[in-house]
Amino acid sequence: MYAVWTDRLHEGMILLYAASILLYFLDFLHRNRKANKAAFRFLSVVWALQTVIFILYMAHTRRFPVLTLSEGLYFYAWALLTLSLALNRLLRVDFTVFFTNVIGFFIMTVHAFAPEKVSQGAGRMVSELLLMHITMTLIAYVLFSLSFVFSVLYLLQYKWLKEKKWSHRIWRLNDLAKLERLSKWMNAIAVPVLLLGLILGLWWAYLRLPAIHWLDPKIVGSFVVLLVYSFLLYGGERRHMFGKTLAYWNMAAFLIILINFFLITGLSDFHLYY
Amino acid sequence: MRILTVGLNYKSAPVEIREQLSFDEAELADAMAALQKKKSILENVIVSTCNRTEIYAVADQAHTGRYYIKDFLSEWFGIDKEAFAPYLFIYEDNEAIAHLFKVICGLDSMVLGETQILGQVRDSFLLAQASGSTGTIFNRLFKDAVTLAKKAHTETEIASNAVSVSYAAVELAKKIFGDMADKKVVIIGAGKMGELAAENIHGSGATRITVINRTPEKAGLLAARFDGEALGLASLETALLDADIAITSTSAKGYILTADKLKPIEKKRNGRPLLLVDIAVPRDIDPEAASLESVFLYDIDDLEGIVEANLKEREKAARQIADMISDAVCAFNEWVHTLGVVPVITALREKALAIQAETMKSIERKLPDLTERERKVISKHTKSIINQMLKDPILQAKEMAGSPDAARNLELFRQIFNLETETGQAEPAAEMARHAVRPSYSG
């Protein structure tokens, strides 16, 4: 009965999510306030449904559900949507919600095909430390995703300004200075969160595993991500990198995250979860 | 009961006429009070700006209303009616209502969608309300108009984005830098164009202004107006090192800035964006400079392109607002319908005119030798007595209709005058509807 209900809720949520993104797209193409309002309302319902499904699942499994790839992706998509709605309320940066939720929707669809089972033998090693490690890492990834979105918006605005494309979009999108600043802020928060997440992961491995596999692709990949973003943060602050170049580097760094998240995980013989 | 708009604006009258019929702000309340005393006028609001003088009135009859408004204008300004009558436009009922909505939304303005007119109409209405020249009908109509204009501004793009070249440059600067307060602006050329550019950019919040000119003395005069710095043309490249925005408007025959000159400057600036606005003709900056990564270069044609694109957006919004106006006119008429006062006033007027007609017949029977002229004079004067007698009862009936006890009061009114109509029985807005068509503006 539980499975039937959550499946129906999930299907409804996905349909609404798709409708919301289509409406946002319509507003992006041809300024349409009604479509924008409807899209935001749909998205708010999607957030409510995602939250309900998440809580129901948590009650069902009696743990914080971030252990499998499927659970992790769901939590990531939920956190991304939550933050995008909060940012929309606080910062009013046009198109942010749309672009962020294109990623969110993509992740939601990937989540549907991701493996759900916890690997054999993994269950007994679950601890609060591990859950915090995974959760913090995922939150850092959400913040990096938002930073990526602001970089995409920066490049779009830069292109329109340079090419003198005087459409409604140029006036709706925020100024270059603000987009660059927001992108940097997201990274500035995400880097220490990721660092803490990785430290907690190492601490867990030290306590639970016979030995830490320092050359495990996942560990190497995660530290590469941390190093690249730290370098970007430093370069941005010291003005060694700025504007368009910084935006391109930030997008490239996000690509490393995607590779680390989806590809390197499969190569790891140490990460039992995902 | 009729709603009228009598006025002239920049479309109907040249400035020589408009300036003669412009109300002094300090006298506006007195003017509205004076118009209110005129026969036939039940309510009035006068809107007077540099582009328009418009009188909105509720009158007991359209033709007398029109006549007395013109009469008032002639008396107030001491000008013969014939001198301004050809420039007047007159709208009645639905067209008058739609015109007010169009004006307040900025659709009738010289700059399509300008928002200043909303404040001006609202202020005129509040003044009229305070001076007692509005009542139930205009209190509602003008509140509806203000609400509609606010809705039009928030729900459409009518008031968004620059529609003047100078403001377009400021908008561009804001799209690159956001806040202008700490931005350094270099004005190159201290002529008329440079002066205008400096005024606009200063008005947008920029406070660090440097003026560069071939003759530093001239630069000094302009810079002093903005507490800025003045430099000679030789200092141009140094000034650009820490500038954010540069606006050029010199009369130089060739480029004063080329891509080659800007390359080393860009390198030293460490990638900080530099906005170059070239409003000179012939141009001051080599268009090749736009290829530099952190340089944003715009010339006068680009700025005009922005204005054109934004005007198109406003025209699109104006079409949306035209639909909103049609709906608002219908909603207002529905509200008038609910008042039920119109049939009462119509019945009162019909009864009074029937008495006057009977009286005229009686006079003609008793004085058969009256000439045609004498007959007309007597008829005109008896009608005048009726109109003057009815003005206050009509005014009171109208106000009663807006009171909480409207139905009972109107019933009492009917009984006092023994009127053969029941409140709400006839089509209340029929009189207005008979004289007007539903407006269908295309923006």
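These legends accompany close-up views of a predicted model with chains A and B.

View 1. The unreviewed UniProt entry carries the annotation "binding site" for B:Gly189, B:Ala190, B:Gly191, B:Lys192, B:Met193 and B:Gly194. To find B:Ala190, look in the loop that runs between β5 (184-188) and α9 (192-203) of chain B. Because 25 other C-beta atoms lie within 10 Å, B:Ala190 is buried. Setting aside residues up to four places away in sequence, B:Ala190 touches B:Val211, B:Asn213, B:Lys218, B:Ala219 and B:Leu222.

View 2. Beyond its neighbours within four places in sequence, B:Gly194 is in contact with B:Ile187, B:Gly189, B:Leu222 and B:Ser249.

**View 3. The largest nonpolar core and A:Phe144.** This core has 118 residues. Those with the most contacts inside it are A:Tyr76, A:Ala77, A:Phe144, B:Ile187, B:Val211, B:Ile247 and B:Leu276. Helix α5 (residues 128-163) of chain A gives the largest share of this core, 19 residues. Leaving out residues up to four places away in sequence, A:Phe144 touches A:Met186, A:Asn187, A:Ala190, A:Tyr229, A:Phe254 and A:Ile257. Another core, of 74 residues, lies apart from the largest one, and its members include B:Leu21, B:Ala57, B:Ala59 and B:Ala397.

**View 4. Where chain B meets chain A.** In this view, 20 residues of chain B are in contact with 17 residues of chain A. On the chain B side, α8 (165-177) and α13 (300-339) each supply at least two of the touching residues. The largest share, five residues, comes from α13(B). Sorted by class, the side of chain B that touches chain A has six nonpolar, seven polar and seven charged residues.

View 5. Is B:Asp260 buried or exposed? With 10 C-beta neighbours inside 10 Å, B:Asp260 counts as exposed, because the limit for that label is 12 or fewer. You will find B:Asp260 in helix α12 (residues 259-268) of chain B. B:Asp286 is 26 residues away from B:Asp260 in sequence, and their C-alpha atoms are 9.4 Å apart in space.

Definitions and conventions: Residues numbered from 1 in each chain as written. Chains lettered and ligands numbered in written order. Predicted model: local features only at pLDDT ≥ 70, side-chain atom pairs only at ≥ 80, totals over all residues. Helix = DSSP H or I, 4+ residues; strand = E, 2+ residues; numbered from the N terminus. Buried ≥ 20, exposed ≤ 12 C-beta atoms within 10 Å, placed from the backbone. Contact = placed C-beta atoms within 7 Å. Nonpolar A, V, L, I, M, F, W, Y, C, P; charged D, E, K, R; others polar. Core = buried A, V, L, I, M, F, W, Y, C linked by C-beta atoms within 7 Å. UniProt positions renumbered as here; feature names shortened; annotations may be inferred.
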